[in-house]
Every structure is written in structure tokens, then in C-alpha cells.
Amino acid sequence: MNDSILTFGASLSRNSINAQLARYAANQLVDVNVNFIDLNYFDMSIYSIYRENDSGIHPHAVEFKKLIRESNAIIISFAEHNGSYTAAFKNLMDWISRIEGKLWESKPMLLLSTSPGGRGGATHYNQR
Ligand SMILES: Cc1cc2nc3c(=O)[nH]c(=O)nc-3n(C[C@H](O)[C@H](O)[C@H](O)COP(=O)(O)O)c2cc1C
């Protein structure tokens, strides 16, 4: 069975250049299934312990964690907002970090970034 590559741009922009880059990179691989997702689907209310205590883990976070577990590798291209990744991506991480297991399940990851801005997507992301 072909490996499945979870692929997304860490951005909520319509026509995100990072989503395009992530998809392009994944499409260079041969004999894989590219599971390209739109982060807008996983747009959730900002994480807070009160929300978690009141309503539990957001169902989209549970769904996203399942996608991580089912993937063989992950390709992310990050939009850079004020020298960091986007608030949407941080929020997604906060939610999925509340689910048991390592955040990214130690899956092999290809991390990219593209930006027309002054910092040029120069920041790094390093979390297992
Ligand atoms: C709130 C905000 C902050 C930004 N901060 C940066 C930045 O720190 N460095 C940078 O290179 N570009 C920055 N940009 C420009 C983005 O790189 C540009 O909007 C890019 O298209 C974002 O990628 P996306 O199309 O995948 O969302 C910023 C844009 C916004 C809207």
C-alpha cells in the first residue's frame, strides 16, 4: 500500500501561497497518496482550559489527530505572521496537544515556508 502524506499550508488565507507550496512539494513524490487538507476546515475557537472543561476536546482536533496517526509523513508549509507561525496553526497545536500521545506522533515531517515579506519566512519550527 502506498504511503499517505498529510499535506497542508499552515494558513487560513484563501489562495494561500504556502498551501500551494505544500501541495507542489507533495506532488513531487512518487507512489504516495497525498492527503491535502485545508486548514480552514479545522478553524476552531481559541483553546482555553475552560472550553475544554466545559465541552471536551473540540471534535475537529480529534479528527485532525486521527489524520496525523493515519499518515506516514507530514508536509507543512508555514505562513509567517510577525515572525512566527499563524495563530490558526498555534491554536490547532494547542487543541491537539491535549490529546494523548506525542503532538506529531514522531512522524517524519517536511517543513517549508514561503513569503513575499521582509523576514522571508525565516523562522523555524521544531517540535516532535
Ligand atoms: C498579520 C500578518 C503578519 C505577517 N508577518 C510576516 C512576517 O513576519 N514575515 C513575512 O515574511 N511575511 C509576513 N506577512 C506576509 C505573509 O508572508 C504573506 O501574507 C503570505 O502570503 C502569507 O502566506 P499565505 O499566503 O500562505 O497565507 C504577514 C502577513 C500578515 C497578514
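Is Asn 15 buried or exposed, and how many C-beta neighbours does Asn 15 have inside 10 Å? Asn 15 counts as exposed, because there are 7 C-beta neighbours inside 10 Å. Before I continue, please note that we are looking at a predicted model.

Asn 15 sits in the loop between β1 and α1. Its backbone deserves a remark: phi is positive, about 55°, although the residue is not a glycine. Asp 31 lies in the loop between α1 and β2, and it is classed as exposed because 6 other C-beta atoms are found within 10 Å.

I turn now to the elements that these loops connect. Strand β1 covers residues 3-10, and strand β2 covers residues 32-36. The two pair in the parallel sense, over five bridges. As one example, Ile 5 has Val 34 of β2 as its bridge partner. Together with helix α1, residues 17-27, these two strands make a right-handed β-α-β unit.

β1 also runs parallel to β3, and six bridges join them. Here Leu 6 has Ile 74 as its bridge partner in β3. Why is β1 described as largely enclosed by the rest of the structure? The reason is that six of its eight residues are buried.

The largest nonpolar core has 22 residues. Those with the most contacts inside it are Phe 8, Ala 10, Ala 22, Ile 75, Ile 76 and Leu 92. At least two residues of this core are supplied by each of β1, α1, α3 (59-70), β3 (73-78) and α4 (87-96). Phe 8 illustrates the arrangement: leaving aside neighbours within four places in sequence, Phe 8 is in contact with Ala 19, Ala 22, Phe 36, Ile 37, Leu 39 and Ile 76.

Which residues come nearest to it? Of the 18 residues around the ligand, they are Ser 11, Ser 13, Asn 18, Ala 79 and Gly 117. The shell as a whole divides into three nonpolar, 13 polar and two charged residues.

Like Asn 15, Ser 11 is found in the loop between β1 and α1. Ser 11, however, is buried, because 24 other C-beta atoms lie within 10 Å, whereas Asn 15 is exposed. Beyond its neighbours within four places in sequence, Ser 11 is in contact with Ser 16, Asn 18, Ala 19, Leu 39, Ala 79 and Thr 86. Two of these contacts, Asn 18 and Ala 79, were also named among the residues that come nearest to the ligand. Finally, Ser 11 and Tyr 85 are 74 residues apart along the chain, while their C-alpha atoms are separated by 8.5 Å.

Definitions and conventions. Residues numbered from 1 in each chain as written. Predicted model: local features only at pLDDT ≥ 70, side-chain atom pairs only at ≥ 80, totals over all residues. Near = placed C-beta within 6 Å. Nonpolar A, V, L, I, M, F, W, Y, C, P; charged D, E, K, R; others polar. Pairing = 2+ DSSP bridges. Helix = DSSP H or I, 4+ residues; strand = E, 2+ residues; numbered from the N terminus. Right-handed = clockwise from strand over helix to strand, strands pointing away. Buried ≥ 20, exposed ≤ 12 C-beta atoms within 10 Å, placed from the backbone. Contact = placed C-beta atoms within 7 Å. Core = buried A, V, L, I, M, F, W, Y, C linked by C-beta atoms within 7 Å.
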